[in-house]
Amino acid sequence: MRNLNMRRLNWHTLKRQLVPFAFLAPFLLIFAAFFFAPFVYALIQSFYKEERSGLGFGPPTIVWAGLQNYSAALHDPQFWDGIKRVILFGVVQIPIMMIVALALALLMDSAVIRLKRFFRLAVFIPYAVPAVVATIMWGFFYSPDASPIVAVFTAFHLPPPNFLGKDVLWSIANISTWEFTGYNMIIFFSALQAIPQEIYESGRLDGLSELGIALRLKLPLITPSLVLGVLFSLIGTLQLFNEPLILQRLSSYISSTYTPNIFAYNIAFVETNYYYGGAIAVILGVVTFAFSYGFLRLTRRQSGV
Amino acid sequence: MATTPLDLDQRSRREPENQRLVGARLLSTKNIAAYIFLLALTVYFLTPLYWLAISATKNNTDLFSSFGLWFAHFNLWQNLYETFTYGNGEYVRWIINTALYAVVGGFLSMLISVMAGYALAKYNFPGRSLVFTLVLGAVLVPPTTLALPTYLLMSKVHLTNTYWAVLLPALLSPVGVYLARVYATAAAPDDILDAARVDGAGEFRIFWQVALPLLRPGLITIFLFQFVAIWNNFFLPLVVLSDPTLFPINLGLATWNFDPASHELLFNLIVTGSLISVLPLIVMFLVLQRYWRAGLAFGSVTG
């Protein structure tokens with residue numbers, strides 16, 4: 001009898017121990033199938049290549065390539081140009097967007113502005129617009145024969161700006177800024193709203209102005225949100241794809257190697273070299289992860305994320 | 001755990017009182033500068049959408065020959081008719097597909113995420129911190145990185161060009177798991193769960209009948225985020241689908257836009273189709289604003 005009880009108890013504890021894994025199982029399954037497996041498969045593929053016999057006739061054979069695909073990518077100046085381009089993009093676009101988003105969030109949080117709800121929505125709404133649609137819209141604003149901006153310049157007999165020329169990178173930066181400023185503003189604003197009011201009272205008693213309170217008290221308190229906002233923007237920038245791809249039809253300056261992701265896409269689907277494309281995807285994934293992890297480590301002490 | 005995203009609104013409710021206190025200083029010079037800044041940005045953020053609404057009423061010629069920010073010949077009904085009937089009504093098909101991907105994918109992904117987040121928040125088990133590290137690591141790897149590898153794997157198992165190719169990867173939402181863990185920690189207190197245990201309820205019944213109702217606002221936020229992420233997804237469908245009858249709206253609009261042979265004719269359809277495709281999202285944003293802020297407050301929370 002006693003023995004039976006023990007066994008039931010053991011069965012019970014075992015069942016209890018399995019409960020959390022039962023809850024986790026669907027997520028772990030999806031994670032394994034659509035995160036882990038694709039990455040591992042791409043990694044394996046990246047060590048192979050397709051070889052054709054001397055004259056290019058007959059079916060191609062798949063042969064071991066070692067690190068050839070990687071060395072090809074790392075020695076390809078066009079790949080590096082793409083990397084440099086997205087880094088330049090990030091160095092300029094992210095700070096501008098963050099400063100605007102931060103200024104907006106501080107204004108939304110300050111006591112002296114009316115119509116906050118309206119302003120908040122107006123700024124946030126572009127986040128609801130898919131990148132494809134946002135780029136199609138801005139494409140009309142950029143193309144000389146349809147643009148209302150060009151029409152205004154022409155009406156005042158001014159030389160219209162060329163949005164799709166060699167500086168098209170900044171036209172793309174404008175689309176990203178338009179899409180994501182509101183998103184970041186809401187992240188910062190939510191963080192500001194979570195700060196207890198009493199902290200500001202002490203600041204006022206110390207004779208700080210509204211601006212002083214914003215810069216000296218509020219800003220340090222929302223550093224974790226700032227870090228997070230910059231981090232997500234960094235990831236997005238390294239992955240830049242949708243906007244330049246859609247804009248490609250309008251600007252001859254957007255090449256098939258314009259950003260690392262466009263490069264990988266063209267290698268894989270236009271040149272149908274999945275092995276080389278897989279290698280580039282792996283490099284890009286590792287670089288993105290390293291950048292974000294490094295950034296988190298770098299800012300960890302200040303942010304506490 | 002200082003504050004939870006869910007109780008944010010309590011503070012905003014105090015705002016009006018605060019505004020009255022400072023009502024006297026509402027129109028100082030500094031404020032005028034602030035309003036000019038806000039107005040300029042409002043114009044910047046809303047003009048493209050205003051343009052889209054105006055342009056959906058124009059025919060192909062007027063799109064290029066009339067001033068973009070004002071009406072020309074009113075052609076909206078004709079545009080709508082052409083958008084919905086062009087190519088055997090492929091646009092209607094894309095709307096149905098998108099709704100299917102976003103609603104089914106968003107709902108299942110929400111369930112999967114909340115179960116995982118609940119387990120991470122409420123149980124102590126070996127490997128817990130490893131799983132949580134995986135989740136955080138996955139947050140840092142955007143879906144775009146995975147699109148190409150996913151395609152390679154799917155073509156190996158012959159899943160490309162099926163609904164599954166878009167739907168299954170959309171079930172993965174590391175951010176959703178992270179948010180669910182934060183919410184479960186905050187909104188489902190251990191004493192309530194323990195009380196249910198004392199009453200003899202099994203672990204799964206506790207989850208369905210006690211924890212899930214407590215987590216409802218968080219669930220809506222998680223659903224919303226994934227719904228929009230799927231609706232906006234472009235890279236993955238672009239690489240895994242080639243059959244237009246499976247396309248989501250984004251991909252459909254992009255192909256209308258790319259097609260060099262016919263793009264001249266399709267501009268009014270692209271513009272009208274774009275307007276129709278953003279309307280549901282904008283309505284969702286306006287109606288469910290509260291949940292957006294709750295989700296985006298995660299920066300202020302240390303889980």
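Modeller: What follows describes that core, then the chain and the contacts around it. The model is a predicted one. The largest nonpolar core has 169 residues. Those with the most contacts inside this core are A105(A) and F188(A), together with A116(B) and Y118(B). The element that gives the most to the core is helix 7 of chain A (residues 168-193), with 14 residues. Both domain 1 (2-64) and domain 2 (69-303) of chain A supply at least three residues each to this core. As a general background, nonpolar side chains tend to be buried together in soluble globular proteins.

Leaving aside residues up to four places away in sequence, Y118(B) touches F23(A) in chain A. Within chain B, Y118(B) touches A180(B), A184(B), F207(B) and A211(B).

Of the 303 residues in chain B, 44% are buried. Among contacts in chain B with a separation of 6 or more, 77% join residues 24 or more positions apart.

Turning to the meeting of the two chains, 77 residues of chain B are in contact with 77 residues of chain A. Helix 3 of chain B (residues 29-55) gives the most to the side of chain B that touches chain A, contributing eleven residues. By class, that side of chain B has 54 nonpolar residues, 19 polar residues and four charged residues.

Conventions: Residues are numbered from 1 along each chain as its sequence is written. Chains are lettered from A and ligands numbered from 1 in the order in which they are written. This is a predicted model: local features need pLDDT of at least 70, side-chain atom pairs count only at pLDDT 80 or more; totals for chains, interfaces and linings use all residues. Two residues are in contact if their C-beta atoms, placed from the backbone, lie within 7 Å. Helices (H or I, at least four residues) and strands (E, at least two) are DSSP runs, numbered from the N terminus. Ala, Val, Leu, Ile, Met, Phe, Trp, Tyr, Cys and Pro count as nonpolar, Asp, Glu, Lys and Arg as charged, and the others, Gly among them, as polar. A residue is buried if 20 or more other C-beta atoms lie within 10 Å of its own, exposed if 12 or fewer, and partly exposed in between; C-beta atoms are placed from the backbone. A nonpolar core is a set of buried Ala, Val, Leu, Ile, Met, Phe, Trp, Tyr and Cys residues joined through C-beta atoms within 7 Å. Domain bounds come from an automatic or database domain assignment.
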